Amino acid sequence: MQMTKTKESAAKAIITCLKKENIERVFCVPGESYLPVLDALYDESTIQVISARHEGGASFMAEGYAKSALKPGVLLATRGVGAANLSIGVHTAYQDSTPMVVFLGQVHSKFRGREGFQEVDLDQYFQSIAKWTVELKDAERTPEIVQRAFRIAKSGRPGPVIISLPEDVLKEEAYMQYGPVIPRPAPAPSPAELKQVEMLLSKAKQPIIIAGGGVKNANAEPCLKKFAETFNIPVLTAFRRHDVFPNDHLLYAGHLGLGTSKEVLDTVKLADVVLALGTRLSEVTTQDYALLSSNQRLIHIDIDYNSIGKSFAPDIGIVADMKEAFDQLQTVNVMHAWSDWAFDRNAAYARSCRLDVKETDPINTQIIEYLIKILPENTVITNDAGNFAGWVHHFYPFKVAHTYVGPTSGAMGYGLPGAIGAKLALPDRLVVGFSGDGGFMMTCQELETAVRYDIPVICLVFNNKMYGTIRMHQEMHFPEKVIATDLGDVSFKDMAISVGAIGYRVASSQEFKVAFAEACQLRKPVVIEILTDPEQISVSSTITQLRERSMKQ
């Protein structure tokens, strides 16, 4: 193993490591605690620095960028206050299995333990929501620590890594020794494990696949498609992993998320063998961990051994990279006759999401029908948390890989900064961000970031003047006792214009069509505010209907 050795500051060594990892962009809010790193970035023309308005926005940008670019998002912020602000993005990266390396300025080493200015024990603070946390205490170890951080962020189940940077250490110079950038480890199933899968599948009458983020992280979507087609097994996608399998395919059986239709849930309940592939079988995917039963046989394959058996004990548990797993699974010798079962479940899914739009339907429904017709298949859609997303999840068909970017963590405020990150990663794609008024307001300041860096994203803001999801649950559990969920009147159109973006406010589907057509031609940051009926609280129910059902219970 050949090692290079050169004398430079710890701050400069960090940038050298970023270059070795082919990092092209870093996201930040500047801070005095890590000025040497910013200075080193100033001298490095190959890395673009995106300075955001808030650390939470910056962290969502980095996370959305990482999801779309399939490489680690890099994030910088200052000490305890900046770190606290960006922790929402770290938590999202952790739950979404997104690789991220976070550099946080820290107080001078001599001031530690005295409750110095903005002092927080950062490696302890993030320990429960990061794959690894570490403080750099010796300048000479900078390459070792930073290169290890990238390996950990990318390997196994990807996730965030935190590096705390005492400001005095950043200035120190030392002879730095760099190691090679190693490929991401990709373990494969053993012959014995494959034989077990073969024996179990050979007895299956109604098998299904539940495919998750591990397929996306391995870039194995074509392999999943080939495997499903080889054996004619219906495929369901895990929560907010819609684009892992073409939604217009005859083997597609639906998305397991919030408000999943009975027809899609029935597909899982009727299955006798479940192949959970690259998914941790999360709370939402499994409908509060209640969807799978002891009568079903479970084959769980994931690159992270901690994920196997965490939610359900498998009959067969295999630690493997999903691309390697699919290559090996293609070789199993199973006589199958599952076509009728697969096509029946596809038909059930198609019935559950059929759109027959009338002029009297809610504007949300009319808009989603229009977007389904006119958006290019490779359009990237990002979404915030909120009931408005139900229309996307229920009706929009994701036909191409890497076209959906959304937080499985359910974090509010993600839609706009996630869209900015996705657009930077995929500049040739149309990127449309969906948000409610509640979530958009949490990170709307990042619209100015999009303007400043000329990042042409289209933001759809569904404005019903309330925290809709929470209001829905209020009406379900405490009908008519409305508290804390009503919001004021905000003109998101005027807000957009005030920061240099383009703004529209629409109240009908026809007005939306005109605004959206113009937005696609402008190639500038655009906000289209959509005034929606507060009564239409979800895809399937109104507030009145929820109240009536709750009062009868």
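Author: Angles under 35 degrees count as roughly parallel, over 145 as roughly antiparallel, 65 to 115 as roughly perpendicular and the rest as oblique. This is a predicted model, in which local features need pLDDT of at least 70 and side-chain atom pairs count only at pLDDT 80 or more, while totals for chains, interfaces and linings use all residues. Residues are numbered from 1 along each chain as its sequence is written, and side-chain values use heavy atoms, with hydrogens and water left out.

The part to look at is a pair of helices (DSSP runs of H or I, at least four residues, numbered from the N terminus). Helix 3, residues 55-69, and helix 4, residues 79-96, have axes that come within 7 Å and cross at roughly 25°; an axis here is a line fitted to C-alpha atoms over the stretch in contact, and angles run from 0 to 180 degrees between N-to-C directions. Helix 3 and helix 4 are therefore roughly parallel to each other. Their crossing is right-handed, a word used when the near helix is turned clockwise from the far one by less than a right angle.

Contact means heavy atoms within 4.5 Å, and on the helix 3 side Glu55, Gly56, Ser59, Phe60, Glu63 and Lys67 take part, meeting residues of helix 4 that include Gly82, Leu86, Ile88 and Asp96. The residues of this contact divide into four nonpolar, six polar and four charged, where Ala, Val, Leu, Ile, Met, Phe, Trp, Tyr, Cys and Pro count as nonpolar, Asp, Glu, Lys and Arg as charged, and the others, Gly among them, as polar.

Elsewhere, the count of disulfides (pairs of cysteine sulfur atoms within 2.5 Å) comes to zero.

Key: Helix = DSSP H or I, 4+ residues; strand = E, 2+ residues; numbered from the N terminus.
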